Amino acid sequence: MIWLRRFGSFWYDFIVGDDWRLALAVVAGLSFTALLVHAGLPAWWVLPLAVVTVLWLSLRRVAR
């Protein structure tokens, strides 16, 4: 049973890492892209915009 806890801990640390906000933004960007694709709308612009926005917000937070 300890291996299951270690396995979960590894994946949590790998995906979330140091900042849960970045992981949440990635999930939100992927979800929004999936919704647009499912609706038949062009969604190529969502992830580049999300990456630039999240990077800017992250750098702004660190620079303070």
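Guide: Rings of Phe, Tyr and Trp (its six-membered ring) pair if their centres lie within 6.5 Å; planes under 30 degrees apart count as stacked, over 60 as edge-to-face and the rest as tilted. By this rule there are 5 aromatic pairs. The model is predicted, so local features need pLDDT of at least 70 and side-chain atom pairs pLDDT 80 or more, while totals for chains, interfaces and linings use all residues. Residues are numbered from 1 along each chain as its sequence is written, and side-chain values use heavy atoms, without hydrogens and water.

Visitor: Why is the pair of Phe-10 and Phe-14 called stacked?

Guide: The ring centres of Phe-10 and Phe-14 are 5.8 Å apart, and their planes stand at 20°. That angle is under 30 degrees, so the pair is stacked.

Visitor: What makes Phe-14 exposed?

Guide: Exposed means over 50% relative accessible area, buried under 20%, and partly exposed in between (1.4 Å probe, protein chains only). Phe-14 has 58%, so Phe-14 is exposed. Phe-10 has 45% and is therefore partly exposed.

Visitor: What makes the pair of Phe-32 and Trp-45 edge-to-face?

Guide: The centres of Phe-32 and Trp-45 are 6.3 Å apart, with 75° between the planes. Phe-32 lies in helix 2 and Trp-45 in the loop between helix 2 and helix 3, so the pair ties together parts 13 residues apart in sequence. Helices here are DSSP runs (H or I, at least four residues), numbered from the N terminus.

Technical notes
Helices (H or I, at least four residues) and strands (E, at least two) are DSSP runs, numbered from the N terminus.
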